[in-house]
Amino acid sequence: MAEARLALGALLLEAALGYPDAVHRRLPHPVAGAGRAIDALEQRWNQPSRPDGERRMLGIATLALVGGGAALAGVLANRTLRPQGRAGGAALTLLATTGLAQRSLYQHVQAVLRALERADLASARTAVGRIVGRDTQHLGEGGVAAAALESLAESFNDGVVAPAFWLAAAGLPGLAAYKAVNTADSLIGHREPRWKSFGWASARADDAMNLAPARLAGALLCAAGGAGWRVMARDAGKHASPNAGWPEAAMAGALGVRLGGPATYDGELTQRPSFGDGPPPGAADLRRGLDLYLKACGLLWLAMGAAAWRR
């Protein structure tokens, strides 16, 4: 299956290279373009004076324009590069790496771990604040480690498994559409009054596109850790999201720690469910979580290799 081979090649190449800083300084990440388009349409169309029904329809139009445009760009890239033989295939693989985040996710969480291991709690709070949305200025070591592990688990799906899944299922157009939908959800798919109607379609589309990948991500984490299946099956449904609970509960169960629980966002305490039966995590558990993540990525590579070989 050409798409599975493409996904495997992109996973391996992105793990080795990531998105190099030298490239980033000259060429903004493609997701940034989708984000700018969504922001521009939201500013133009999501006016409080419009009725909720109209704002919902305009939100659907925003998703269709950005998601459809991303998929069309993927189709054009396919048609341009595939006929170019090996050089075109290499270019297509390199382009596909921009939809994956294995290396950058590891590096961001590793920065948190390094700060914790040298007992620099202030730097650890700053580092984890770059990857989570909650308030981090008053977190202790356990709170920092838990936030990093939760982000690692959820982003394993959003940044690795789901993009690879859609790349293998529908090629570059599928990957591009998924990244556009996921970006729209992160920007406008919120429940606050400003976005509730306008972002409704983006939130629902993201939920739908992550249904299978999130469960696969949870299964990979449990398989990599040799544990966590019972906790994942029991606790995944506690999460407000239909998908995020699967990898988070799997991470908690595989490591034997407790994740989730109350957290503060913009000064407001939010009561969240807990995942797992163990104690709160510490720096050592965060290191084990990174090791688990690497093993789960390896299992994903094997799965893509098996899918490519079968075809």
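In which helix is the place of W200? W200 lies in helix 9, which covers residues 200-225. The views below show a predicted model.

**View 1. Nonpolar surface patch made by M57, I60 and W200.** These residues, M57, I60 and W200, form a patch of about 280 Å². W200, in helix 9, has a relative accessible area of 32% and is therefore partly exposed, since that class lies between the 20% and 50% limits.

**View 2. Packing of helix 1 against helix 6.** The axes of helix 1 (residues 2-17) and helix 6 (residues 102-117) are 7 Å apart and meet at an angle of about 35°. Helix 1 contributes L11, E14, A15, A16 and L17 to the contact, and helix 6 contributes Q102, R103 and S104. By type, the residues of this contact are four nonpolar, two polar and two charged.

**View 3. Positive phi at A119.** A119 is found in the loop between helix 6 and helix 7 (121-129). Its phi is about 60°, a positive value, although A119 is not a glycine. Most residues other than glycine have a negative phi. The relative accessible area of A119 is 70%, so this residue is exposed.

**View 4. Positive phi at D266.** The loop between strand 2 (263-265) and strand 3 (268-270) holds D266. D266 is a residue other than glycine, and its phi is positive, near 50°. D266 counts as exposed because its relative accessibility is 73%, and the limit for that class is over 50%.

Definitions and conventions
Residues are numbered from 1 along each chain as its sequence is written. This is a predicted model: local features need pLDDT of at least 70, side-chain atom pairs count only at pLDDT 80 or more; totals for chains, interfaces and linings use all residues. Side-chain values use heavy atoms; hydrogens and water are left out. Patches are made of residues with over 30% relative accessible area and no salt bridge: like charges are joined within 9 Å, nonpolar side chains (Val, Leu, Ile, Met, Phe, Trp, Tyr) within 5 Å. Accessible areas come from the Shrake-Rupley method with a 1.4 Å probe; for residues, only the protein chains shown count as cover. A salt bridge is a side-chain nitrogen of Lys or Arg within 4 Å of a carboxyl oxygen of Asp or Glu. Helices (H or I, at least four residues) and strands (E, at least two) are DSSP runs, numbered from the N terminus. Buried means under 20% relative accessible area, exposed over 50%, partly exposed in between (1.4 Å probe, protein chains only). Axes are lines fitted to C-alpha atoms, for helices over the stretch in contact, and angles run from 0 to 180 degrees between N-to-C directions. Contact means heavy atoms within 4.5 Å. Ala, Val, Leu, Ile, Met, Phe, Trp, Tyr, Cys and Pro count as nonpolar, Asp, Glu, Lys and Arg as charged, and the others, Gly among them, as polar.
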